[in-house]
Protein chains: 2
Amino acid sequence: MEGIVARLAEVLPSEQILQGEALKQQYYHIWRMHESLHALAYVMPTTTAELSSILAICNEWEQPVVVYGGRTNLVGSTETDSSELVISLEKMNAVLEVDASSRTITVQAGVILEEIQRQADNQDLLFPLNFGAKGSAQIGGIISTNAGGLRVLRFGMTRQLVLGLEAVKADGSIISSMKKIIKDNSAYDLKQLFIGSEGTLGIITKAVLKLVEKPISRCSAFVAVESYDNVVTLLKQADKMLGGTLSGFELIWGHTYNTMTSAPSLNKPPLPHGSPFYVLLESLGSDPAGDQLRIERLLANCIEVELITDAVVAASAADHTWFWNIREDVHVLVSQMIVDQHFDISLPVPLIGSVIQNIWKELQTIEDVRETHIFGHVADGNIHLMIGKTHNDSNLTEVINEIVYRPLQAIGGSISAEHGIGLHKKKYLSLCRSEAEISMMQLLKKSLDPKNILNRNKVLDL
Amino acid sequence: MEGIVARLAEVLPSEQILQGEALKQQYYHIWRMHESLHALAYVMPTTTAELSSILAICNEWEQPVVVYGGRTNLVGSTETDSSELVISLEKMNAVLEVDASSRTITVQAGVILEEIQRQADNQDLLFPLNFGAKGSAQIGGIISTNAGGLRVLRFGMTRQLVLGLEAVKADGSIISSMKKIIKDNSAYDLKQLFIGSEGTLGIITKAVLKLVEKPISRCSAFVAVESYDNVVTLLKQADKMLGGTLSGFELIWGHTYNTMTSAPSLNKPPLPHGSPFYVLLESLGSDPAGDQLRIERLLANCIEVELITDAVVAASAADHTWFWNIREDVHVLVSQMIVDQHFDISLPVPLIGSVIQNIWKELQTIEDVRETHIFGHVADGNIHLMIGKTHNDSNLTEVINEIVYRPLQAIGGSISAEHGIGLHKKKYLSLCRSEAEISMMQLLKKSLDPKNILNRNKVLDL
C-alpha cells in the first residue's frame, strides 16, 4: 500500500480496505456483477467516526470518492474510474431501534429496505416506501436519491418519511439531527440538502424514519378506460370517493398491458385485451367490508356514467398478488428486448395523454426502435417508458433521449421523477432546470464540498 | 429623497415607496398597528422583476432589508430599526391560476391564506393548510416559515404542499421553478432552501401549491382521557381504525379545557370538567354514514377497554363549530392574562406527558406566573404553552424560557415546531441544533447572501 491508501490504513482495520485482486470480487452495479470494479480501493467504514476520518483524509488529499449503497441505481451513479476511492456503507447495516409509540425506526445507512419493512411489520406498523429493488436497495442510497415507488400518492416520496438524519460532509464534519419529532422549524432544515442530492453534498450515515399504522384492509381493482381524459377524471373520482384510503393509482397503456398479460408472461389478463388504457388502483384502510363496498360503489358509478368500460375487483389475496405482479414484473417487458432504454419522466397530470402520444408516434418513426412500453405512477405525474431497440449505439440512445426529454421543457416537466440525474442524464439537466438554478446548485456544491471530492462529475459539472 | 432611496426611485414608481410621514401609517405587527414603523423606507414591488431590481440595488449598497408578509409572526421576525428597508409583498397578491385537473393553485406571495382556501373551495377542492391567522397571513410568509396548523397529521406542513416556487436571491437573481409536477428528482430540490428559512436566503415571490379533493364528510368528537399514556394509545387506535381519514388530533390539558369552557368564554363544555386530558379528534372522508359509524365504533371500543372515560360525537354542523371554537379560540385564555408568553415546542410524542408535567410543576414555583395553559397538535408532537404572568420583565421571560426550553435538549425536541426562530428564539437555538449544524447554516447564509442583507440578525448570527 502507498499514498492515500496507506494513510487510510492508519485509521481503518485492514479487512475494511479492499485493493488489487480483492477489487475483482466487487462490482459497480447489481446487474453487472460479472464486471470487475475499477477503483483505487474499496473501503467499508463501520461507524460514522470512521467515515468522518476517511473523508477528512480524502479532503486533505483531494481524493475523489464514489459512494456505494445497494448499487441498484439506473443512472450511472456508481460508475467509477481507477483513480476513485469507493466508500461502501454495507457494514453500517444495523437497525438501531423500532419505537412503536413514536412510530419511528432508527437505522444505519446500509440497512436494506426490505429489512425496514419487515421490522416495522413486526411491530404492527408499516414503512410505506415500496419499489422493485427493495431486496437490495439500502436506505442511505434511497434517501440520497429521494426514491419514490408505488405509494407516493398516499405517503409521499422518501423526503416525507425522513424525520431525522445524520450525514458526513466532505471535510469529515458530522451533521447530526437524529430526532423523532415530526415538526421542527428551528432554523434551516439541513436534512433537505442531503435528501435527493445523490451523495454530492454529504454521505448519509443514519436516519430516523416515519412509520404509519399498518392498514387492516386492502382492496385492488383493474379498470379499463377508453381515453386519457377519463383516466384523469377517474383519478379525481377515486380520490374523492375513497376518502383518504386511496394508496395506488397505476396506469398501463393498452399495448403494454397486452404484453404484460400474454406469453411468455405467466400472468393472465384480469380484463380482456383491447382497451387503450388500464388502471390498477389500490386502497388501504381499516374496514375490510366497508372499504370493499366503497370501491365497488365507485366502480359501479363510473361504469354507469361511462367513465370506465370495465372493472374487476380483487376477491382474494391471490388476486392482489396476481394484479400487482402484472404491474411490477417489468422484467417480462425487458426480457423481450434486444437492448433496452428506460425513462422515468415527470409531467403535469392532465398533459400526459397527449404528450406521451406524441412521443410514442415519434418513436415509431425510428427504424431501430422495436418496442415502446409505457406505464407509470400517473397520480404522481410519473411515467416510465421502456424502449426496446436493435442496438446500443450511442447516437441512437441520444436520438431517443431527445425525443423523450425535449417536449418536457415547454410543459414544466422533469427528466427525472424518481431515478435522479447521476452520470447519464447530466447533459439533459438544462431541459428542466434554468441556468440560474444550475448555477445556484453549483454554488451549493462548491460551498459544501469545495474540493469536489464527493461523487465528482455526477449530477453537476462545475 | 437621497442615497439608496433615490436610487430605488429610479426603478420603482413613487407610489410604491413610502418614507417619512407615510411610514407612520405602517406597522410591524398586526397586533401592534398603533405603533409606527421605524424604517429607512417601505417599498412595495408589484412584479418579480421589480423585486429583483430592488435587491440588486440593496446588495450593491449593502442595504439590509426586512421582508413583510401579513405580519402575523410570533417571533419578532418583522421588527426593524430605522436603518433597514422594508420590502412588503402586499401588492403581489394575484391568484394566477386554479387548475382543477392538476389539482394545483398558482399564486403570488402576497395572497392571503383564506383567499387560497376560498378559490380552491370554488373548484370543489381543498387547500388543507389551516390556522388562526388565515385571514391575514400571506402565502409568501407562510412558505418562508413552513407553517403548520391543525391538519398537519394528515396533509403535512406547508413544505409538503409546495410543488413549485419562485424566489429572488439577495443579489437579485431569480430562482424559478414554477412546476405543477409532484415528483422532480432532477438534481437539487432548491425550493427546500427557501421553505422555512424565514426569508434569510431569498424572498419568495410565487408558488404552485398542491390541492386535494374536498372531503365529503366530516366527523368530530371530544374525548376525555385519564392518563397521557392512554392519549398515545388512543392516537394509535384512532389512526388505525379510521383508515386514512383521521385529520385532526388535538390535546387539551384538563385545567385549560376548564378555562376554555367556563365564563367569560361563551363556549359550554361538551364533556363535563374534571378529566386530566381532553382530545378533540376529526376525520375527513367520503362516506358520511360510514365515517360516522367508524368513529362511533372506535369510541365505543375505547370506552369498553377503558382507554377513554367519556366521549361525545358532533351531531350537526353547529356541533362541529362549537367543538372547534373551543380549541381555536385561544383569545379567551390570553384575555385573562396580565402579560402572556407563548411557546410552540416539539417533543417525541410518547415523552410529552412527563416532560410537560415537569415543566408545569417548575412553572408553579415561580411566584410571578399566574396561569399555565397547555394544548397542542399532539399527533405531531407539537405542544403550545401559554403562560400568564404578572409583569413583562425580561429576567422573568428568560427564567420561563429556560424552564420550557432546557428539557428539550436531552430528549431531541425543538424550541420551535411551527413559529420559527426569528429574533426572539435565536439565543436558544443551540439547545436544539448542534454547533456543526449552526455552522453549516452560517455557511449557507454566507454563500447565498454574502453581504447579509436579507433579514439580517434574524434566525442566525454570523
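Hi everyone, let's start with a single residue. Setting aside the neighbours within four places in sequence, I400(B) is in contact with Q341(B), F343(B), L363(B), V369(B), I387(B) and K389(B). Please keep in mind that this is a predicted model.

Where along chain B does this residue sit? I400(B) lies in helix α13, which covers residues 394-410 of chain B. Is I400(B) buried or exposed? Its relative accessible area is 0%, and the cut-off for buried is under 20%, so I400(B) counts as buried. For a sense of distance, take V43(B): from I400(B) to V43(B) is 357 residues in sequence and 38 Å in space, C-alpha to C-alpha.

Now let's step back to a whole chain. Chain A has 14 helices and 18 strands. Its radius of gyration is 23 Å, close to the 23 Å that the globule rule gives for 462 residues, so chain A is as compact as a globular protein of that length. Along the principal axes, the C-alpha atoms of chain A fill a box of roughly 75 × 55 × 45 Å. Buried residues make up 61% of the 462 residues in this chain. Among contacts in chain A with a separation of 6 or more, 70% join residues 24 or more positions apart.

Finally, how do the two chains go together? Chain A superposes on chain B by a rotation of 180° with 0.0 Å of shift along the axis, at an RMSD of 0.0 Å. That is the relation of a two-fold axis. In chain A, the C-alpha nearest this axis belongs to G244(A), 2.2 Å away from it. And 100% of the interface residues of chain A are also interface residues in chain B, so the copies meet through the same surface.

Key. Residues numbered from 1 in each chain as written. Chains lettered and ligands numbered in written order. Predicted model: local features only at pLDDT ≥ 70, side-chain atom pairs only at ≥ 80, totals over all residues. Heavy atoms only, no water. Helix = DSSP H or I, 4+ residues; strand = E, 2+ residues; numbered from the N terminus. Buried < 20%, exposed > 50% of the residue type's maximum accessible area, 1.4 Å probe, protein only. Contact = heavy atoms within 4.5 Å. Least-squares fit on C-alpha atoms with pLDDT ≥ 70 in both. Rg over C-alpha atoms; globule rule 2.2 N^0.38 Å.
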